[in-house]
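Dear colleague,

Here is the structure I would like to pass on to you, and my notes on it follow below. Please read them with the coordinates open beside you.

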Amino acid sequence: MMQKLKVLVPIGLLLCACCLYGDTGVPYTSEVAIRDMLIKKVNPVFPPEALASVRHAAVIEARIVMNVSGDVVDATILESPDPSLNKAVLQALWQWKFRPLTNESKDFKLAGKLTFYCIVDGKSGRIVNPDEVGFVEIDGREPAVSKRKSR
Amino acid sequence: MARILKYLTVIINVMTIVVLAFVLWFIWQRYTKPGQEFSFFPKHEKLHAGAKLDTDLNLLASDRLTFFVALNKGCHYCEASAAFYERVSQYNKAAKVVALFPNAVPDAAEYLQHLNLKSDATAVADYTKMGVSGTPTVILADARGKILGVWTGLLDHTAQTEVLKRLGATDSEAYVPAFADTVALASITKPVTRESFTYAQVKEMQARHKPFTLVDIRDRDKFGNGHLPGAINIPLDEFEVRGPHEVKKDSLLIVDCSYCSECELKQRSSGLPSLCTISAQLIDETGFRNLALVYDEKEGGKPLSAQNETGHGSGQ
């Protein structure tokens, strides 16, 4: 028992010290900045089952964490109208590659948010990056003011 | 075997002592700094009394103290501190006054004059390296660069008195009346945009089908806990990209940032810009000129409950 304690106590203390010293927050950058660093982009493929959830357009917001080599080490979906779209976007994001961060330490990580729009046109749909689309009428929101006024 | 176990026990004992010593040393270093509040996960702050000023600038006075004033052009709290700077400027015999800017300001002299700050020198400094988290920040350092005091934000009358005393003012000279706080705050209490509406006004506009877009720029969790009817949620950090695709630029854009004058004052006096200030600036930069804030002074800026939501989507 004492032997076990003698091993566990230093490990516990060491962990405690690491927690006190370590800075767990991942630095965060804007979407514009993180997209500027992009060197390999794989477009998400629209899953047909998402047609049931999206009428015209929807927004998908993802958060990624990249390491110094520019590889995606974590990706999560923050907002999406359908789980099938989550899967499609995440599948694509894991293949994205960013410019390596040369001036940072090995353990450095950088987080950022990425926006995608899901556009449905009749019986087909596509997931696009914001720069590939103009004004988007998102489902569930009232039409633009001018149209509303005319009603 | 017994011998190995004995050695192992000795090694573990030594390790225990070393780790324990490290933890104690760390806690000693971390929590015995003057003005440091106890926290299990403290921020790694560079600027505190007793630390050495981290700057490449060779601006320290050799014969007296140096009083650094970290400013930024367009900073509301710097302008609201003009009366304090005027008093500080009278003590330039006790301390060299150095005005710092994060980037080159062509009309710095004019700006300093506007702030009533008579500085002995002006310099461009790397605020991140120095540890300056917001403006204005005033730093008092000795000839060797040791920080004697740091004050951030719009200083209240007690902090101003303390600074003036540190600069050598007598009790009567350093006296700053409490109403000075009100005077300073009065200049910055209004929302930063040209126009603002109360929640009641927004509801009335919705009822009358007035054309506008209501955007809630708080994060998703806060939006989920309650928001104005008809508001669309675009968190502030997403607005730069999403705004132009989801909000028409020619329509009136009303932003809900949970504005409340008390919270605004608290935040501003801490030296860091409030969510509303950042929102107004960022949204304006994105090209949305027809911008207004929504607030409810009576409710203390709390958003209406989602349960009260009746006409979803009526804001657009």
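**What was found**

In chain B, which has 316 residues, 35% of the residues count as buried. Please keep in mind throughout that this is a predicted model. The secondary structure of chain B comprises 13 helices and ten strands, and of the contacts in this chain with a separation of 6 or more, 72% are between residues 24 or more positions apart.

The sheet I looked at in chain B is an open one of five strands, arranged in the order E3-E2-E1-E4-E5, and its pairing is mixed. Strand E3 (121-124) and strand E5 (147-152) of chain B each have a single partner strand and therefore stand at the edges, with one side of each left without a neighbour in the sheet. On average, and with direction ignored, neighbouring strands of this sheet are turned by 20 degrees against each other.

Within the sheet, strand E1 (residues 65-70) of chain B runs parallel to strand E2 (residues 95-101) of chain B, and the two are joined by six bridges; in this pairing Thr66(B) stands opposite Lys96(B) in E2(B).

Helix H11 (residues 236-246) of chain B packs with helix H13 (residues 275-285) of chain B at an angle of about 15 degrees, their axes lying 10 Å apart. Because angles under 35 degrees count as roughly parallel, H11(B) and H13(B) are described as roughly parallel to each other, and H11(B) passes H13(B) in a right-handed crossing. From H11(B), the residues Leu236(B), Phe239(B), Glu240(B) and Gly243(B) meet Leu275(B), Ile278(B), Ser279(B), Leu282(B) and Ile283(B) in H13(B). The residues of this contact divide into six nonpolar, two polar and one charged.

Turning to chain A, which residues of helix H3 (residues 83-93) are buried? They are Leu85(A), Asn86(A), Ala88(A), Val89(A) and Leu93(A).

How values were computed:
Residues numbered from 1 in each chain as written. Chains lettered and ligands numbered in written order. Predicted model: local features only at pLDDT ≥ 70, side-chain atom pairs only at ≥ 80, totals over all residues. Helix = DSSP H or I, 4+ residues; strand = E, 2+ residues; numbered from the N terminus. Buried ≥ 20, exposed ≤ 12 C-beta atoms within 10 Å, placed from the backbone. Contact = placed C-beta atoms within 7 Å. Pairing = 2+ DSSP bridges. Axes fitted to C-alpha atoms, helices over the stretch in contact; angles between N-to-C directions. Parallel < 35°, antiparallel > 145°, perpendicular 65-115°, else oblique. Left-handed = near helix turned anticlockwise from the far one by under 90°. Nonpolar A, V, L, I, M, F, W, Y, C, P; charged D, E, K, R; others polar.
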